[in-house]
Amino acid sequence: MKLIEMERTKEYAWCCGAGGGVKEAFPDFAMWTAQERIEEVKTTGAEAIVTACPGCKGNFIEVLEQGRERIKVYDIVELVERAM
């Protein structure tokens with residue numbers, strides 16, 4: 001596995017706000033931010049995106065199901081499990 005960082009990381013990374021109730025209050029915004037992150041993944045050429053947030057994972061999957069991209073979505077714990 002090769003780690004590829006996206007342009008926005010750490011304090012500059014975008015969050016869809018799933019953990020803070022943003023998806024419930026502003027679903028269009030949550031999906032827009034998830035789509036923007038998927039676009040960033042595509043620019044890196046990565047085959048997958050990894051997150052530690054179940055809400056983000058769900059949003060990424062929802063966005064990907066609407067398109068044709070074949071990007072995989074993993075929780076960080078899934079990668080740890082695969083490494084064991």
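Is Lys10 buried or exposed? Lys10 is exposed, with a relative accessible area of 73%. The model is predicted. A search of the whole structure finds six salt bridges. The largest nonpolar core has 15 residues. A nonpolar patch on the surface has about 510 Å² of accessible area.

**Segment before α1**

- Lys10 is found in the segment before α1.
- Its phi is positive, about 50°, although Lys10 is not a glycine.
- Gly19 is found in the segment before α1 as well.
- Gly19 counts as exposed, because its relative accessibility is 78% and the cut-off for exposed is over 50%.
- In sequence, Gly19 and Ala83 are 64 residues apart. In space, C-alpha to C-alpha, Gly19 and Ala83 are 27 Å apart.

**Salt bridges around Glu40**

- Arg8 and Glu40 meet through their side chains in a salt bridge, at 2.9 Å from N to O.
- This pair links distant parts of the chain. Arg8 sits in the segment before α1 (22–25), and Glu40 sits in helix α2 (residues 27–44). The two are 32 residues apart.
- Arg8 is partly exposed, at 22% relative accessibility. Glu40 is buried, at 10% relative accessible area. The cut-off that puts them in separate classes is 20%, since buried means under that value.
- Glu40 also forms a salt bridge with Arg37. Here the closest N and O atoms are 3.0 Å apart.
- Arg37 and Glu40 are about one helical turn apart, because they lie three residues apart in helix α2.
- Arg37 counts as buried, with 9% relative accessibility.

**Salt bridge between Glu69 and Lys42**

- Glu69 pairs with Lys42 in a salt bridge. The closest N and O atoms are 3.0 Å apart.
- Glu69 lies in the loop between α3 (54–66) and β2 (72–75), while Lys42 lies in helix α2, so the pair ties together parts 27 residues apart in sequence.
- Both ends are partly exposed: Glu69 has 26% relative accessibility, and Lys42 has 36%.
- Salt bridges with shared partners join Arg8, Arg37 and Glu40 into one network.

**Nonpolar core**

- Which residues have the most contacts inside the largest nonpolar core? They are Ile38, Val41, Ile49, Phe60 and Ile71.
- At least two residues of this core come from each of α2 and α3.
- Helix α2 gives the most to the core, with five residues.
- In soluble globular proteins, nonpolar side chains tend to be buried together.
- Val41 is in contact with Met6, Ala46, Ala48, Ile49 and Ile71, leaving aside neighbours within four places in sequence.

**Thr51 in strand β1**

- Thr51 lies in strand β1 (residues 48–51).
- Thr51 counts as buried, because its relative accessibility is 11% and buried means under 20%.
- What does the side chain of Thr51 reach? It reaches the backbone nitrogen of Cys53, at 3.1 Å.
- Neighbours within four places in sequence aside, Thr51 is in contact with Cys56, Lys57, Phe60, Tyr74, Asp75 and Ile76.

**Nonpolar surface patch**

- Val50, Ile76, Val77, Val80 and Met84 form a nonpolar patch on the surface.
- Which helix gives the most to the nonpolar patch? Helix α4 (residues 76–83) does, with three residues.
- Val80 is found in helix α4.
- Val80 is partly exposed, with a relative accessible area of 48%.

Conventions: Residues are numbered from 1 along each chain as its sequence is written. This is a predicted model: local features need pLDDT of at least 70, side-chain atom pairs count only at pLDDT 80 or more; totals for chains, interfaces and linings use all residues. Side-chain values use heavy atoms; hydrogens and water are left out. A salt bridge is a side-chain nitrogen of Lys or Arg within 4 Å of a carboxyl oxygen of Asp or Glu. Helices (H or I, at least four residues) and strands (E, at least two) are DSSP runs, numbered from the N terminus. Buried means under 20% relative accessible area, exposed over 50%, partly exposed in between (1.4 Å probe, protein chains only). A nonpolar core is a set of buried Ala, Val, Leu, Ile, Met, Phe, Trp, Tyr and Cys residues joined through side-chain atoms within 4.5 Å. Contact means heavy atoms within 4.5 Å. A polar contact is a pair of N or O atoms within 3.5 Å; within protein, one must be able to donate a hydrogen and the other to accept it, and residues adjacent in sequence count only if both atoms are side-chain atoms. Patches are made of residues with over 30% relative accessible area and no salt bridge: like charges are joined within 9 Å, nonpolar side chains (Val, Leu, Ile, Met, Phe, Trp, Tyr) within 5 Å. Accessible areas come from the Shrake-Rupley method with a 1.4 Å probe; for residues, only the protein chains shown count as cover.
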